[in-house]
Amino acid sequence: MPFDVQDLSGTFSVGDIAIALSLSFLLSAMIAWIYRFTHRNVSYSQSYVQTLVILGMLISLIMLVVGSNIARAFALVGALSVVRFRNAIKETRDVGFIFLVMGVGMATGTRFYSLAIVAAIVISLVIVVMFRFNWFANNVQRQVVKVQVPPDGNYTEHIQDVLIAHTSEFELVSMESIRGGALTELMYTIRLKKGQEPGRLIAALGERTGGQRVTVLTGYDQTDL
């Protein structure tokens, strides 16, 4: 019995492949540059940005393979379900960019070229506008205060007295025993009163903690006593 090899590539032309992959590359690269331009935090990863481009092209390829064949689609879902990603997403907006390149890849792979181009450009413009005009920013500035105190003594009430005098609001987030029980570390989120400086708060807390360490975290800055 002769061995019969059937090539299913005839369901789409070489031109379709070239257009789909090229367009998905260009649009995914544009989205990757938008991500790089609008990224603010220190968690930027070149590997993640390159993965966005690869993912857009890969999804386009998968959609070319699937086409309109339902059985093939379920087979691919089953095959891809074994993949496990162990790297945690650092920011929620990173998930949005992943879905964006996936959507563009799906549109190019199913040959909705105009939809892919218009959607990628419009959504990218929305991202740039939100970045440029700082939409939905919360101007309430909060700090994190970590205070180490001896486990015995009424230090908690003394610390709260200082916080009442220097902050408009505060909340105890955690209380942890450290150094084998020799010290207790208290962590608060606070909002300083107008005119108050972190240095004054640190000095006032230092007088009530028995000379133990006091740390105030403001954004990416850290002030210690």
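Student: How many bridges join strand E2 to E3, and which way do the two run?
Tutor: Strand E2 (residues 167-178) is joined to E3 by 10 bridges, and the two run antiparallel. Strands here are DSSP runs of E with at least two residues, helices are runs of H or I with at least four, and both are numbered from the N terminus. Two strands pair if DSSP finds at least two bridges between them. This is a predicted model, where local features need pLDDT of at least 70 and side-chain atom pairs count only at pLDDT 80 or more, while totals for chains, interfaces and linings use all residues. Residues are numbered from 1 along each chain as its sequence is written, and side-chain values use heavy atoms, with hydrogens and water left out.

Student: Which residue in E3 is the bridge partner of Glu176?
Tutor: Glu176 has Glu185 as its bridge partner there.

Student: And what sits between E2 and E3?
Tutor: The two strands form a hairpin with 4 residues between them. Arg179, in the turn, has a positive phi of about 55°.

Student: What about E1, how many bridges join it to E3?
Tutor: There are 7 bridges between strand E1 (residues 143-149) and E3, and these strands run antiparallel.

Student: Is E3 mostly covered or mostly open?
Tutor: Mostly covered: of the 10 residues in E3 (residues 183-192), 7 are buried. Buried means under 20% relative accessible area, exposed means over 50%, and partly exposed is in between, using a 1.4 Å probe and protein chains only.

Student: Switching to helices, how do H4 and H5 cross?
Tutor: The axes of H4 (residues 92-109) and H5 (residues 113-132) come within 7 Å and cross at roughly 160°. That makes H4 roughly antiparallel to H5, a label for angles over 145 degrees. The axes are lines fitted to C-alpha atoms over the stretch in contact, with angles from 0 to 180 degrees between N-to-C directions.

Student: Which residues meet there?
Tutor: On the H4 side they include Phe97, Leu100 and Val104, and on the H5 side Ala116, Ala120 and Ile123 are among them. Contact means heavy atoms within 4.5 Å.

Student: What's in the loop between H4 and H5?
Tutor: Arg111 is placed in that loop. Its phi is near 65°, a positive value in a residue other than glycine. Arg111 counts as partly exposed because its relative accessibility is 38%.

Student: And where does Asn134 lie?
Tutor: Asn134 is in the loop between H5 and E1, with a positive phi near 55°. Asn134 is partly exposed too, at 36% relative accessible area.

Methods: Parallel < 35°, antiparallel > 145°, perpendicular 65-115°, else oblique.
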